[in-house]
Amino acid sequence: MILKIVQVGDPILREAARTLTLKEIASAETQQLIRDMRDTMHDAPGVGLAAPQIGLPLRIAVIEDPESILDDVPPEDLAERERRPIAFHVIINPVITLLGEGKANFYEGCLSLAGFSAVVPRARTIRVEYLDERGIARAIDASGWYARILQHEIDHLHGALYIDRMQSRTFTSLDNFARYAKGRPISASPDAPKT
Ligand code: ZN
């Protein structure tokens, strides 16, 4: 089922989401929610979706950066962003640790701020400890674009949006992004990084 994605201004996007219990993770409701979030992310299309974006204050997010999207991104953009295909997966109750001093500045977008983009500084390398959809404890060491997606989604679980971290003078509509910003040193395909 495709769920409605709430837009900026909805208070749910500013709430801290709550932790799920192992029993909740195993429940039929949560397993159905994961399928619905996956369908909704594909439909958008986006490369990540957090539960607050579909109106639920739960610490759960889905992520996938598939070949089918990357095929439409110029190879030099993929290399500059350290962007590689990421298979579908679910993160539940994630805890993030920023590693190293490296920062990357790129345009990113959000399905809950439809039609806009801005340059957002993000840590280049991170570690995330989380539970998977079966409640099994796992860890991810991520760098580059995948690290950006994870930081963006985990921000949603804390009630934070990219506009809290953006370089505010770069904030742009996607129309004007295509007109003025695309192809400049800090650039992105306007439909590439929505999460
Ligand atoms: Zn978002």
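Modeller: pLDDT is the predictor's confidence in each residue, on a scale from 0 to 100. It applies here because this is a predicted model.

Biologist: What is the mean pLDDT of the chain, and where is the pLDDT below 50?

Modeller: The chain averages 93, and 93% of its residues reach 70 or more. The pLDDT falls below 50 over residues 187–192, a stretch that still has 20 contacts in the model beyond near neighbours in sequence.

Biologist: How many residues of α5 are buried?

Modeller: Buried means under 20% relative accessible area. By that cut-off, 14 of the 14 residues of α5 are buried. After α5 comes glycine 159, with a positive phi near 80°.

Biologist: Which residues of α2 are buried, and what covers them?

Modeller: The buried residues of α2 are Thr30, Leu33, Ile34, Asp36, Met37, Thr40 and Met41. Their cover includes α1 (22–26), β1, β2 and β3.

Biologist: Now the core. Which residues of the largest nonpolar core touch the most other members?

Modeller: That core has 22 residues, and those touching the most other members are Ile63, Ile91, Ile126, Ile140, Ala142, Tyr146 and Leu150. At least two residues come from each of β2, β3 (86–108), β4, β5 and α5. The largest share, 7 residues, is supplied by α5. Apart from this core lies another, of 18 residues, including Leu20, Leu33, Met41 and Leu111.

Biologist: What does alanine 142 touch?

Modeller: Not counting residues up to four places away in sequence, alanine 142 touches Arg124, Thr125, Ile126, Ala147 and Leu150.

Biologist: In what sense do strands β4 and β5 pair, parallel or antiparallel?

Modeller: Two strands pair if DSSP finds at least two bridges between them. Strand β4 (residues 116–131) and strand β5 (residues 137–143) have 7 bridges, in the antiparallel sense. Valine 128 stands opposite isoleucine 140 of β5. The two strands form a hairpin with 5 residues between them, and glycine 135 in the turn has a positive phi of about 85°.

Biologist: Is aspartate 65 buried or exposed, and what does its side chain contact?

Modeller: Aspartate 65 is found in strand β2 (residues 60–65). With a relative accessible area of 1%, aspartate 65 is buried. Its side chain makes a polar contact, at 2.8 Å, with the side chain of arginine 83. Beyond four places in sequence, the contacts of aspartate 65 are Val47, Leu70, Arg83, Arg84, Pro85, Ile86, Trp145 and Ile149.

Biologist: Valine 95 is my next residue. Where is valine 95 found, and what is in contact with it?

Modeller: Valine 95 is found in strand β3. Its relative accessibility is 46%, so valine 95 counts as partly exposed. Leaving aside neighbours within four places in sequence, valine 95 is in contact with Arg127, Val128 and Glu129. Valine 95 and leucine 111 are 16 residues apart along the chain, and their C-alpha atoms are separated by 23 Å.

Biologist: Last, the backbone angles. Which residues other than glycine have a positive phi?

Modeller: The general idea is that most residues other than glycine have a negative phi, and most peptide bonds are trans. Glutamate 82 has a positive phi, near 50°. Glutamate 82 lies in the loop between α4 (75–81) and β3, and is partly exposed, with a relative accessible area of 24%. Asparagine 93 also has a positive phi near 50°. Asparagine 93 is found in strand β3, and is buried at 15% relative accessible area.

Biologist: Where is there a cis peptide bond?

Modeller: A cis peptide bond joins alanine 44 and proline 45, with omega about -15°. Proline 45 lies in the loop between α2 (28–43) and β1 (48–50).

Technical notes. Residues numbered from 1 in each chain as written. Heavy atoms only, no water. Buried < 20%, exposed > 50% of the residue type's maximum accessible area, 1.4 Å probe, protein only. Helix = DSSP H or I, 4+ residues; strand = E, 2+ residues; numbered from the N terminus. Polar contact = N/O pair within 3.5 Å; in protein donor to acceptor, adjacent residues only side chain to side chain. Contact = heavy atoms within 4.5 Å. Core = buried A, V, L, I, M, F, W, Y, C linked by side-chain atoms within 4.5 Å.
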